[in-house]
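Q: I would like to go through a structure with you. Could you take my questions one at a time?

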Amino acid sequence: MKVTVFSGAVTMSKRGRVFMMNTCAAPVQVKFRGLRDEWSEVHTLVSGDRVEFGADFQAVELTCDELKQVIDFDIGYGLLSRTASVSIKSAGSANTYMRVLSVGKNILAKSNRNRASILIKPTLPISISAGVDSEAEAFPVGVGESIEFKNGADIFVYCKSAGVKVFCIEEVA
């Protein structure tokens, strides 16, 4: 059964002894009420959780904090099991590398319009710019500091000493 819950609670009359949460985007608070309201229990469930009771419940109340959430669940009396496949779409990938730079101007990363961001951390002080080939407009980055650019432009690094190691994590969308 699929139910769309907006911010708040949805109550429904469903009888059973087993509740199986198939899919939900965020934790859902589920309140179970026994026959003739003799008992009630509240559980916070996520996808894949299952709750079993020794006595029948007659009503289920689903509460979520999300603005809108589609919840898929099963209610029954026997052992409920479900095999589901998960479809994962990659939002991007990260490329980690290290470069040893020489004195003067170096191109750390060539332009890449698929690059979402690049995080740079040097072992010695450098100056760095993105898209502008000018040492006068470069940002100074000290030892232990890092800088992140969220663009796909050329990344220029200016070094005053040889052998500077620069560690990079480049995210490609």
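Q: What should I know about the model itself?
A: This is a predicted model, in which local features need pLDDT of at least 70 and side-chain atom pairs count only at pLDDT 80 or more, while totals for chains, interfaces and linings use all residues. Residues are numbered from 1 along each chain as its sequence is written, and side-chain values use heavy atoms, with hydrogens and water left out.

Q: How many helices and strands are there?
A: The chain has 0 helices and 12 strands; these are DSSP runs, with at least four residues (H or I) for a helix and at least two (E) for a strand, numbered from the N terminus.
A: The radius of gyration, taken over C-alpha atoms, is 27 Å, well over the 16 Å that the globule rule gives for 173 residues, so the chain is more spread out than a compact globule. That rule is 2.2 Å times the number of residues to the power 0.38.

Q: What does the C-alpha trace span along its principal axes?
A: The spans are about 80 × 30 × 25 Å.

Q: Changing topic, how many positive and negative side chains are there?
A: There are 20 positive and 19 negative side chains, counting Lys and Arg as positive and Asp and Glu as negative, without His or the chain ends.

Notes. The place of a charge is taken as NZ of Lys, CZ of Arg, CG of Asp or CD of Glu.
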